[in-house]
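The following note comments on selected local features of the structure shown below.

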Amino acid sequence: MPRPFRFGVNLNAAAPTDAWRAKCRQAEELGYDVILIPDHLGKPSPFPALVAAAAVTERPRVGTFVLNAGFWNPTLLAREVATTDALTGGRLELGLGAGYVKAEHDKAGLPFGLPGERVDHLRHTVEELERLLTSDEHQPQPTQKPRVPLLIGGNGNRMLELAAEHADIAAFAGAALVPGSTDGQVTPATAEELDERVARYLRMAEARKEPAELNLLIQSVVVTDDREAVAAPFLRRIPNLTLEQALELPIVLIGTVDEIVAQALERRERYGFTYLTVLEGSMEAFAPIMEKLRGR
């Protein structure tokens with residue numbers, strides 16, 4: 001039997017105290033299982049935002065989606081993770097990635113490095129966090145044992161390998177960085193390209209004792225009776241994409257509520273995705289889809 005669905009929302013817009021609390025409460029009321037925060041300059045600082053989210057909610061877990069490992073020293077990060085897990089009552093899920101926006105590193109005065117160097121740093125971070133946070137001697141101690149659940153998000157072969165080895169949740173972006181982009185511009189993966197990425201990950205993960213949960217980040221949810229009109233702009237942005245391929249892009253959900261429910265079920269059947277994350281702009285639009293998928 002497949003895992004039951006879980007649903008997360010990535011809150012990526014800063015807000016004053018009352019507005020932040022209100023949208024966290026709204027996420028809980030709409031039925032989201034996880035409230036998530038990204039790690040970009042110009043966005044809320046992840047750990048304080050998660051502590052604030054947990055303080056005004058009861059049911060949802062909270063998580064980073066995802067931390068840019070290049071911004072963090074592993075020893076200092078271990079302190080932040082343990083403290084945040086304790087202050088959120090053991091509700092933290094730690095999401096990590098290698099980082100992909102060169103302009104942010106430049107602005108922060110941090111080295112960006114080659115892709116392989118960034119993955120090396122992420123691997124070191126993952127291994128150090130596991131060593132530190134599973135030690136009885138580390139202070140402060142996280143609440144969750146044996147460790148805070150780990151999500152690793154990425155697209156390249158070495159990222160998939162790292163997720164297969166260490167992650168409780170393997171997150172697929174469903175998109176790739178545009179070559180030469182310094183500001184994080186990405187292009188969506190076609191359904192067939194994502195088939196290949198997931199299949200490669202599953203081969204790498206064959207030796208796992210327990211399968212990881214598979215996550216997909218949905219970039220846009222549009223409830224409409226005219227799917228073709230909504231998908232048409234993708235044809236101008238992505239060369240050689242057909243209208244049929246645009247409608248099948250894994251990271252967008254377009255159609256009536258019932259059509260989108262069917263698309264989510266198809267993504268679970270085809271790829272194994274049972275944990276779907278939407279962006280803040282789609283939080284309300286996705287709510288009736290979640291309601292119909294709950295328990296299926």
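1. Helix H10 comprises 15 residues, 257–271, where helices (H or I, at least four residues) and strands (E, at least two) are DSSP runs numbered from the N terminus. From first C-alpha to last, H10 reaches 21 Å, close to the expected 21 Å, the expectation being 1.5 Å times one less than the number of residues.

2. This is a predicted model, in which local features need pLDDT of at least 70 and side-chain atom pairs count only at pLDDT 80 or more, while totals for chains, interfaces and linings use all residues. Residues are numbered from 1 along each chain as its sequence is written, and side-chain values use heavy atoms, without hydrogens and water.

3. Buried residues of H10 are Ile-260, Val-261, Gln-263, Ala-264, Arg-267, Arg-268 and Tyr-271 (buried: under 20% relative accessible area; exposed: over 50%; partly exposed: in between; 1.4 Å probe, protein chains only). Because they cover an arc of only 160 degrees around the axis, they lie on the same side of H10; the arc is that of the directions from the helix axis to the C-beta atoms. Just after H10, Gly-272 adopts a positive phi of about 95 degrees.

4. Strand E10 (residues 213–218) is largely enclosed by the rest of the structure, because 6 of its 6 residues are buried. Glu-213, Asn-215 and Leu-217 point one way from E10, and Leu-214, Leu-216 and Ile-218 the other way.

5. E10 pairs in the parallel sense over 4 bridges with strand E7 (residues 169–172) and, also over 4 bridges in the parallel sense, with strand E13 (residues 275–279); pairing requires at least two DSSP bridges between two strands. Phe-172 stands opposite Leu-216, and Val-278 in E13 is the bridge partner of Ile-218.
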